[in-house]
Amino acid sequence: MTDARETSNGVAAHQTATNLMQQTTEVSGATGMTGERLRPPEAKRQATHRTFHGDVFTDDYEWMRDKESADVRDYVAGQNQYCEARMSHLASLRSTLFEELKSHVEQTDMSVPTRVNDYWYFTRTQEGKQYGVQCRMPVRGDDDWDPPQIDPQGAPGSMPGEQIVFDTNAEAEGHDFFRLGGMDLSRDGRWLLYGVDTTGDERYDFRIRDLDADDPSNPATHVELTEHFDGIGGACFTPDGQWVFWVELDDAWRPCAIWRHQVGSPQSSDVCAYRETDERFWVGVGISFDERNIVIGTGSKTTTEVLLLPVATPEGEFQSFIPRDKDVEYDVSFACFEGAGPNGEDIPLAVVYHNAANPNFEIDVIDMRMHEPPYKLGEGVCVAAGSPYGCERGQADRPITEAYFNPANPAILQGAHGLGIEGIALHRHFVSLSYRSDGLPHVAYMTKAEAAADFLAGRPWNFRPLEPPSLDNDWDIEAPAEAKDDLAAIFDGSNDDRLPGEIRRLYTIGTGGNPSYNAPRMRYSFASYTRPGELHEIDPATGQDVLLKRAKVLGGFDPRDYMERRVWIPARDGERIPVSLVWRRDIPVNDSAMFITGYGAYEISSDPGFSVSRISMLDRGVLYAVPHVRGGGEMGRAWYEQGRRLNKKHTFEDFVDATHALQAAHLADPRRTVANGGSAGGLLMGAIANMAPECYAGIEADVPFVDALTSILDPNLPLTVTEWDEWGDPLHDPEVYRYMKTYSPYENVPAGEDVPHFPRIFITTSMNDTRVLYVEPLKWLAALQSRGFDAVAKIEVEAGHGGISGRYKQWEEVSYENAWCLDVMGVVSTS
């Protein structure tokens, strides 16, 4: 979901639940079409009993799991009608927000061309079109590494030599929902393997298209082979385009097996090349970066294994690179130091990324001249190692934020806080290292020749930090040591705003866009909460940094008009929680409306990023806040471990404590605070509604995982068995069962008379969602409404976990959501 919304009618959020039960909800003072007050559809009660570990839970709404029943269809239709009626008074605001969003977007544009083999690939978007168009132009020679000059306002295929590879707009015609599930090309660029999903259930239909025989301007002339790979999880070509390896999905939507298909042969002759029998593990398949191996990756939440098969022998047997070991994750890639041997020969390398000895991962480089496989984890030269502080399998008694020193690490990593190693990439001319420190992503780089010299000399590699450039006359500079002690002082609209321990430069940085091993320069992307995304290219030898593209934001947008800061707020157990804050600098922050959002699961980090839809929020004086709660990966593996399984409540407590601290400092008004989260973040929303309803005027929960215990108890549901590593196994462990039951939102909806203040709830869900089944938010909705709470739901019939498809439809959707939030906050105009 896009971040940025807010609301108005704060009074309704603070009506007592008793009053809400005595009077049916009104639509912001308006009446329904019949002139009567609007009432939500009443869900029938049909008790079923869930019995585990001596506990009996009576569930009145489990009947909603029958998706095909007339009762469910009628209930969904009735709730959607109720939602539309409740939202009708916001039609004008929705339209205003949609037009504001559109006014900031360069609707006809193109991406920077990226070289892959003998073509430059890029995507065009056109005003009025829902989807992008993938295009390409041939390279001008082997040494052509400068992107061609292309008119971004031109139509697809309008430049000399430009070919349309895939027009998603044409392909999507006749479908209410359309999403690409992957595209792969043969090395010569002739054969296109692509997959599409037209229902949102994440089962993809793959086809093979001959681009040389194609007339892209006429879809009727597409030349495709007879092979159809329907309802699968993904697929890839071998580089010669002669073989397809595809992923089978089982009845629980788990990617469970890899099949081999020879192009041009009957599909009945396909062979299962690998089957994963452990239901906790998912499998995937691809081609190694050096295109020498077909790679199967299989893994659970905590254990991984890599199997390899040389591309030259595609009908052979896959071999494990290193056999799996419980609770050990690893990955491997292959490269070489060109011409670095004693006689000028190449030095072949295996680069292994793993957490066998270090829970925050390390990178080992193995000189493959030393011996033949098999290899073992921990072998080779350690290039970088993360901090074990606070980790379950590390030094759990030391603080996560303690400075970490390791003689094997590069100088730039010495003294880092919450250090996690995230990966390394070796190209012909440069090496890049990705890591996390102080709750933010970082990238370092060096030349390949320097790396070879350091490796052969047995010394730490001399990486240099990649520092994105500041804007001229901008505020994103390091704060001086002396700073104010008052939390509220940084929001008074003055220019000397500071806070002890604050971080001023908040950004996400990564080395995307480097698919070619031979590229002489390294591309990296950069974005922050206030600065639109940028694509740069840096010469690792000279350090020369060139801006290739900055996302254009129209309508007079200036990033200097906005501020972003990260502060650290103590949680109830003493841990310090990083909280990112964004606001418009000429609007003082004082008991402001606040949009606060979080996630906190699966070690996924909520890193800074730009959102066009957020501008409308900020320009209306809304404070945007992101507590980086435990359960995410912002401070490395320990941060994740402290917010999962029997520590899961830390996620909810961190979010509530951050909210309360901002409100106690009079930065935000609880009567105008709206919280938002989706999926596992929707579980967070349901939990905080029950734990601290007084802190929130409204809560938007997107595809929320709110009936968590019921789902995790059923091993036949999609994802359940794999999720036991994340949440614990309540089916077999009574302690986990009891713990989850104390926080699962659906089972803990309070009685209306027990809660003097309860936030208004807005739920979004999709009937084809296979990750969080629609039945969870529907049951929660019924429970909330039955207790007299103000809850509405927008239920997509033709979409999945990611919501609707098409950019204009998505803009309409976020405008719909933002209008509700602004209404609850009492914020409507920009004046």
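Trainee: Before we look at pairing, what makes two strands pair here?
Mentor: Two strands pair if DSSP finds at least two bridges between them. Keep in mind that this is a predicted model.

Trainee: What do β16 and β17 form, and what's in the turn?
Mentor: They form a hairpin, with 5 residues between the strands. Glutamate 291 sits in that turn and has a positive phi of about 60°.

Trainee: Switching topic: where is histidine 53 found?
Mentor: Look in the loop between β1 (48–52) and β2 (55–59). Histidine 53 has a positive phi too, near 50°.

Trainee: Why does histidine 53 count as partly exposed?
Mentor: Because its relative accessibility is 36%, and partly exposed covers the range between under 20% for buried and over 50% for exposed.

Trainee: What about aspartate 438, where is its place?
Mentor: Aspartate 438 is in the loop between β25 (430–437) and β26 (440–447). Its phi is positive, near 55°, and at a relative accessible area of 31% it is partly exposed.

Trainee: Last one: which residues does the cis peptide bond join?
Mentor: Proline 373 and proline 374, with omega at about 10°. Proline 374 lies in the loop between β22 (362–367) and β23 (381–385).

Definitions and conventions:
Residues are numbered from 1 along each chain as its sequence is written. This is a predicted model: local features need pLDDT of at least 70, side-chain atom pairs count only at pLDDT 80 or more; totals for chains, interfaces and linings use all residues. Side-chain values use heavy atoms; hydrogens and water are left out. Helices (H or I, at least four residues) and strands (E, at least two) are DSSP runs, numbered from the N terminus. Buried means under 20% relative accessible area, exposed over 50%, partly exposed in between (1.4 Å probe, protein chains only).
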